Amino acid sequence: MQVSKNHAFGTRAIHAGQRPDPTTGAIMTPIYQTSTYVQQSPGKIIGEYDYSRAANPTRAALEANLADLEGGKFGLCFSSGVAATGVVLHLLSTGDKVLLGDDVYGGTNRLFHRVFGQLGIETVLVDMTDLDAVKAAMDDKVKLIWLETPTNPTLKITDIKAVAEIAKANDVILAVDNTFATPYLQNPLALGADIVCHSTTKYIGGHSDSIGGALITNDPDLHQRLKFIQLSEGAVPGIMECFLLLRSTKTLHVRMQRHCENAMKVAKHLEAHPKVESVIYPGLESHPQHELAKAQMPGFGGMITIYIKGGLEESRSMLEKTRFFACAESLGGVESLIEHPAIMTHASVPADQRAKLGISDNLVRLSVGIEGVEDLIADLDQALG
Ligand code: P1T
């Protein structure tokens, strides 16, 4: 079934980029588990494909599906979220500068500073919620702005449209990592971003069973440049991963609705909990950018960050005691996870920067899954003691 922009998100999630297999009628896109394709004579290919690093039909269906969900024309998939991020950084040259949101996934921070820094690409950290700071950081060398919203782990919300205007005025590429919001809650391209990045490992995959990344754009030139790097570097996903992701996107809207509902209930409960100092959740009125979050997103996602009363000992005790909330890195799966960013996901962020961002010993991050919310709340209550 052909879908268009006018169809609902859920319809596009299930059908975009996909059609029944023309030879068998199989409703699911087949797993084209092949590395290469037979040619009729040298250079005369039978269909559209010659080698699976360049392109593969299962991957092509996924790339089209994700592009559609983000309201983009072009999608590219990668072996991980950081592989996708690295491909964007390869658009730059030695001497170029990047403005990076100050609160991003620790692995993103490490890639920008420690891998691309060695190649002479300078990264300047900027609080993207402070538009004056973004403007002030701009100079002729800046070629890329990279931000997350909500951020990982302190869930700051950035006005994508406002940053996109600054980027356009300065002829700078704006890339938005939309992993936390997902295309169900936010479409950065529609707000003026040039590139959207995803760790498909998280909500898009949704079942904690695959690692992957994606880039989506509307700009044909940018797409060709990214595709050339994808082909040349080769960090493409396996075909089975692509199949799993195609299976997952079909339920993204349903899962996200439940993640949002559960997270709101958990956040409200924790806000009133005597053992909790404060709760960061964009859906709470107490969140500093709650109004912006309401304007930019129809729901607030499944991630909650809390400061518990006490320090490392109390955090450790909580993380050892939860049962449904598994102590693990990652997020966005159907099962709830709990983690300690200072020790786990953001350990590679220098300690002084962590302190500046408030990633302290009593900060705990929750990825609220889609289990029965009453069980999740009871689990947190017993763990907080
Ligand atoms: O793990 P990978 O698929 O390579 O994705 C990297 C990545 C990119 N962007 C964001 C916003 C992310 O959160 C991540 C990975 N994050 C975790 C593993 C985590 O627990 O925060």
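Trainee: How many salt bridges are counted between domain 1 and domain 2?

Mentor: A salt bridge here is a side-chain nitrogen of Lys or Arg within 4 Å of a carboxyl oxygen of Asp or Glu. Between domain 1 and domain 2 the count is zero. Keep in mind that this is a predicted model, where local features need pLDDT of at least 70, side-chain atom pairs count only at pLDDT 80 or more, and totals for chains, interfaces and linings use all residues. Residues are numbered from 1 along each chain as its sequence is written, and side-chain values use heavy atoms, with hydrogens and water left out.

Trainee: Where do the two domains run?

Mentor: An automatic or database domain assignment sets the bounds: domain 1 is 9-249 and domain 2 is 254-384. Their C-alpha centres lie 26 Å apart. The contact (heavy atoms within 4.5 Å) takes 38 residues from domain 1 and 38 residues from domain 2.

Trainee: What area do domain 1 and domain 2 bury between them?

Mentor: The size of an interface is often given as the accessible area lost when the parts come together. With a 1.4 Å probe and the loss summed over both parts, domain 1 and domain 2 bury about 3,000 Å², 60% of it on carbon and sulfur atoms. On the domain 1 side, Ile 157, Leu 185 and Tyr 203 lose the most area to domain 2, together 25% of what that side buries.

Trainee: Which helix gives the most to the side of domain 1 that touches domain 2?

Mentor: Helices are DSSP runs (H or I, at least four residues), numbered from the N terminus. Helix 4 (106-116), helix 7 (182-185) and helix 9 (239-249) each supply at least two residues of that side, and helix 4 gives the most, with four residues.

Definitions and conventions: Buried area is the accessible area (1.4 Å probe) that two parts lose on being put together, summed over both.
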